[in-house]
Amino acid sequence: MAKNQDPHINNTKQMTIVHGGCHCGGVRFTAQVPIGSTLLHCNCSICAMTGFIHLIATHQQFELKSGESLLSSYRFNTGQANHLFCSQCGVKSFYQPRSHPDSWSINAHCLDDYDAARWQHQDFDGKHWEQAKDKLESNYENT
């Protein structure tokens with residue numbers, strides 16, 4: 001045990017399982033995320049237009065239950081983000097963001113039981129992506 005480490009402090013975060021999907025129900029997923037995770041509110045062009053609120057889940061913590069064959073991809077600008085939409089109803093319930101290459105970004109609005117009060121909230125200045133990404137990384141390093 002490291003010096004000055006309190007043996008009574010549990011450093012593992014408690015997790016919860018969330019369920020969600022697209023409007024028509026063709027795309028369904030589950031994910032395991034820390035209780036009280038921070039939702040990112042981005043002001044970039046696509047997030048502002050669609051009202052996407054980001055809940056980040058690592059690839060290992062995410063399971064696509066159904067609808068893989070229904071997903072259509074859209075890429076723009078750098079092409080690094082893979083925006084995945086249901087080809088039936090057009091809803092983007094999750095996608096591969098460039099800000100978190102090891103994770104999926106889930107649209108909190110697409111959770112079955114979304115309640116904004118259950119989550120922490122943080123603005124992300126996607127209009128100035130490079131600077132915002134640097135700030136996001138330094139915030140995670142300090143936690």
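## Strands and cysteines in a predicted model

Tutor: The model is predicted. We start with one residue pair. L40 stands opposite H54, which lies in β4.

Student: How many bridges join strand β3 to strand β4?

Tutor: Strand β3 covers residues 38–42, and strand β4 covers residues 53–58. The two run antiparallel. The number of bridges joining β3 to β4 is two.

Student: In what order do the seven strands of the open sheet stand?

Tutor: The pairing in this sheet is mixed. Strands of a sheet pair through backbone hydrogen bonds, either parallel or antiparallel. The order of the seven strands is β6-β7-β8-β9-β4-β3-β10.

Student: Which strands stand at the edges?

Tutor: Look for strands with a single partner strand. Such a strand has one side left without a neighbour in the sheet. The edge strands are β6 (71–74) and β10 (120–124).

Student: What does the twist average from one strand to the next?

Tutor: The twist is an angle, given in degrees. From one strand to the next, it averages 35 degrees.

Student: How many disulfides does the structure hold?

Tutor: A disulfide needs two cysteine sulfur atoms within 2.5 Å. For C24, the closest cysteine sulfur is in C22, 3.7 Å away, so it is too far for a bond. C89 is in no disulfide either, as its nearest cysteine sulfur, that of C22, is 3.8 Å away. The number of disulfides is zero.

Technical notes. Residues are numbered from 1 along each chain as its sequence is written. This is a predicted model: local features need pLDDT of at least 70, side-chain atom pairs count only at pLDDT 80 or more; totals for chains, interfaces and linings use all residues. Side-chain values use heavy atoms; hydrogens and water are left out. Two strands pair if DSSP finds at least two bridges between them. Helices (H or I, at least four residues) and strands (E, at least two) are DSSP runs, numbered from the N terminus. Axes are lines fitted to C-alpha atoms, for helices over the stretch in contact, and angles run from 0 to 180 degrees between N-to-C directions.
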